[in-house]
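Here is a short briefing on one protein model and its ligand. Please look over the sequence and the structure first.

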Amino acid sequence: MASHGIEIRELYKIFGPQGERFMEAVRGGMSKAELNEKHGHVLGLKNINISMPAGGITVVMGLSGSGKSTLIRHINRLIDPTAGQVLYDGVDVCGMGTNELREFRRHKTAMVFQKFGLLPHRTVMENTVYGLEVQGIERAESTRKAQQWIERVGLSGFENHYPNQLSGGMQQRVGLARALTNDADILLMDEAFSALDPLIRVDMQTVLLDLQKELKKTVVFITHDLDEALRLGDTIAILRDGQVVQQGTGQQIVLQPADSYITAFVKEVNRGRVIQVKTIMGPPAATPPALRVESDTVLEEAARTMTSAGESVAGVVDTSGTLIGAVDLQAIISAMVTPTSHLNAAMAAE
Ligand SMILES: Nc1ncnc2c1ncn2[C@@H]1O[C@H](COP(=O)(O)OP(=O)(O)OP(=O)(O)O)[C@@H](O)[C@H]1O
Ligand SMILES: [Mg+2]
């Protein structure tokens, strides 16, 4: 399926009646606190530049009030920027006219909300077809499409249930089925799984990852949960006070946190599930070990494989099967508990 990336360029949002008036001051470095105290305006976003690759999951993370929702709402222009661009397939969403914008929202974007956003007196089926109904698609066709996604998210048999007859996890599956039925390239998910119990939440992450393998949507996923960000994000951008403080892969962020704010975020992370063997491998051994692991295997999995095979050394191979290095179990285990600075930072940046 064709998919298109999103480019956020020099995006600013100043909330208040005269946002533009303070652009120069904000560009010149006026802080969020000062803008608020002196001028009663709120700095929502400051000079955001993020590439959200087509077919990938971009996670936006940050504490409450850091600007996550403000950012995602610019993508379908529920919020107009004070300055900057949101390019989709090279077209600036912020410059679209009314009709163009309506078409873009209906056909290119779908949102999944934290509070599910289901219509209470509509059944699962009626909720799922809603977007197509608005588009004026014939009922037989919209039902057929909706049915397919209801099945795909594991809700067969619940078509005629009402939202209040479903658990939170099931309601969020309806939210996902509804978004997918729209067949939009861009999936906007603002804290979509945050209201769910931890185990259900992990289930929903699995559903999303499984679907994403075949659908390759351009997903923008907001969370304040680092484990969720690391599990879902092909890339992660971390916001603080309306600014991007770091962006990169999960591994880059865990291994090289840009500042103390991010260090605090990543402190509790299970490193064994993030760091890949290629980050800590040494040169290939003269006598190649019997056991091989792929270079992007995470440490925890490599340790498990080696332990169950009874091997203390493994060869590391790239995707084409070429031997590119070696790791030993002792090094793996110590890297799982070693602070960032001891690891090979150059490898992490690659
Ligand atoms: N309509 C608005 N008017 C004025 N200020 C706003 C408005 N919407 C958001 N803000 C402010 O912009 C900043 C970013 O808010 P935003 O809702 O984007 O944060 P968030 O990261 O999504 O937080 P949360 O995790 O709580 O959802 C906050 O300081 C917020 O108070
Ligand atoms: Mg929010």
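Strand β8 points Thr218, Val220 and Ile222 one way, and Val219, Phe221 and Thr223 the other way. All of these residues are buried. The model is a predicted one.

**Strand β8 and its partners**
- β8 is mostly covered, with 6 of its 6 residues buried.
- Strand β7, residues 186–190, pairs with β8, residues 218–223. The sense is parallel, and the pairing runs over 5 bridges.
- Asp190 has Ile222 in β8 as its bridge partner.
- Strand β3, residues 57–61, is joined to β8 by 5 bridges. These two strands also run parallel.
- Met61 has Thr223 in β8 as its bridge partner.
- Ile222 and Thr223 point opposite ways from β8.

**The whole sheet**
- The sheet is open and has 6 strands. Their order is β6-β7-β8-β3-β9-β10.
- Pairing across the sheet is mixed.
- The edges are β6 (109–113) and β10 (243–248), and each of them pairs on one side only.
- On average, neighbouring strands are turned by 15° against each other, direction ignored.
- In general, strands of a sheet pair through backbone hydrogen bonds, either parallel or antiparallel.

**Ligand 1**
- The shell around ligand 1 includes Phe15, Lys32, Val42 and Glu191.
- The side chain of Lys32 has an N or O atom 2.9 Å from an oxygen atom of ligand 1.
- Ser69 places a polar side-chain atom 2.9 Å from an oxygen atom of the ligand.
- Ser66 contributes through its backbone: a polar atom there is 3.3 Å from an oxygen atom of ligand 1.
- Taken alone, ligand 1 exposes 640 Å², and the protein buries 60% of that.

**Arg122**
- Arg122 sits in the loop between β6 and α5 (124–128).
- Is Arg122 buried or exposed? Arg122 counts as buried because its relative accessibility is 18%, and the cut-off for buried is under 20%.
- Leaving out residues up to four places away in sequence, Arg122 touches Asn127, Tyr130, Glu133, Tyr162 and Pro163.

Conventions: Residues are numbered from 1 along each chain as its sequence is written. Chains are lettered from A and ligands numbered from 1 in the order in which they are written. This is a predicted model: local features need pLDDT of at least 70, side-chain atom pairs count only at pLDDT 80 or more; totals for chains, interfaces and linings use all residues. Side-chain values use heavy atoms; hydrogens and water are left out. Two strands pair if DSSP finds at least two bridges between them. Helices (H or I, at least four residues) and strands (E, at least two) are DSSP runs, numbered from the N terminus. Axes are lines fitted to C-alpha atoms, for helices over the stretch in contact, and angles run from 0 to 180 degrees between N-to-C directions. Buried means under 20% relative accessible area, exposed over 50%, partly exposed in between (1.4 Å probe, protein chains only). Contact means heavy atoms within 4.5 Å. A residue is near a molecule or strand if one of its heavy atoms lies within 4 Å of it. A polar contact is a pair of N or O atoms within 3.5 Å; within protein, one must be able to donate a hydrogen and the other to accept it, and residues adjacent in sequence count only if both atoms are side-chain atoms. Accessible areas come from the Shrake-Rupley method with a 1.4 Å probe; for residues, only the protein chains shown count as cover.
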